[in-house]
Amino acid sequence: MREINPQETTRAYAFDMWMNAPMPMVTFFKTLNVQRLLRISHKRGLKFNMLMCYCIGRAATQIKEFYMLPVGDKLMQYDTIAVNTIVANKAGEVSSCDLPYNEDLELFNNEYLRLTKQVAETCSDHDLSADNMVIGTSALAQYEIDGAVGMYSGIFNNPFMIWGKYKRTLFKTTLYVSFQFHHTQMDGAHAAKFLDTLQRVINKIKA
């Protein structure tokens with residue numbers, strides 16, 4: 001992670017416009033077709049949430065804006081991306097777990113299983129270093145929701161995705177997701193492109 005001059009990036013105008021805005025976050029909603037993920041989950045015995053986190057990381061690596069993030073009053077440049085997931089721990093509460101993105105699905109899955117188990121058993125968050133641009137996620141997998149808007153704390157500007165229970169019909173399985181992002185980091189077109197890329201990644205993931 002390193003500080004960069006916003007005026008020397010494509011985010012110069014957005015930095016001037018949105019860094020001091022009282023509410024700089026924007027939320028998009030999208031319905032994803034996750035039929036392929038569900039099929040792969042059943043066929044290979046992989047967790048659906050793990051597959052979603054992997055696809056989110058893979059899609060994000062294809063959008064250059066994800067490698068920049070406003071932190072405090074600065075614009076920072078990152079080399080790596082991670083995905084955060086919320087884990088139910090043995091105390092009956094929830095803990096946070098950062099997962100480094102790896103293009104290799106098998107390696108990502110191994111780390112997912114190892115780290116989420118560690119967090120569940122220790123009831124301690126697993127936080128990666130500040131050198132990673134972390135995408136937050138929250139899966140309310142037991143509940144059918146039509147959307148959710150994340151909270152803006154004024155401290156964390158990281159992008160964040162929320163989804164609930166997928167909905168199955170005769171021909172497809174859909175999942176409603178919300179995607180919250182800081183307007184300094186990206187514009188609506190970048191966010192929409194990310195969500196479209198996410199659907200393409202889901203459609204093409206190898207079984």
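1. Leu 69 has Met 76 of strand E4 as its bridge partner. E3 and E4 (residues 74–77) pair in the antiparallel sense over 4 bridges. Two strands pair if DSSP finds at least two bridges between them. Helices (H or I, at least four residues) and strands (E, at least two) are DSSP runs, numbered from the N terminus.

2. This is a predicted model: local features need pLDDT of at least 70, side-chain atom pairs count only at pLDDT 80 or more, and totals for chains, interfaces and linings use all residues. Residues are numbered from 1 along each chain as its sequence is written, and side-chain values use heavy atoms, with hydrogens and water left out.

3. The sheet is open, with 3 strands in the order E1-E4-E3 and antiparallel pairing. E1 (2–4) and E3 (68–71) stand at the edges, each with a single partner strand, so one side of each lacks a neighbour in the sheet.

4. Helix H2 (residues 35–44) buries Leu 37, Leu 38, Ile 40 and Ser 41. Buried means under 20% relative accessible area, exposed over 50%, partly exposed in between (1.4 Å probe, protein chains only). Seen down the axis of H2, the buried residues fall within an arc of 165 degrees, so they line one face of the helix. The arc is that of the directions from the helix axis to the C-beta atoms. On the other side of H2, His 42 and Lys 43 are exposed.

5. Gly 45 follows H2, with a positive phi near 70 degrees.

6. Helix H3 is mostly covered, with 12 of its 13 residues buried. Among them are Phe 48, Met 52 and Tyr 54.
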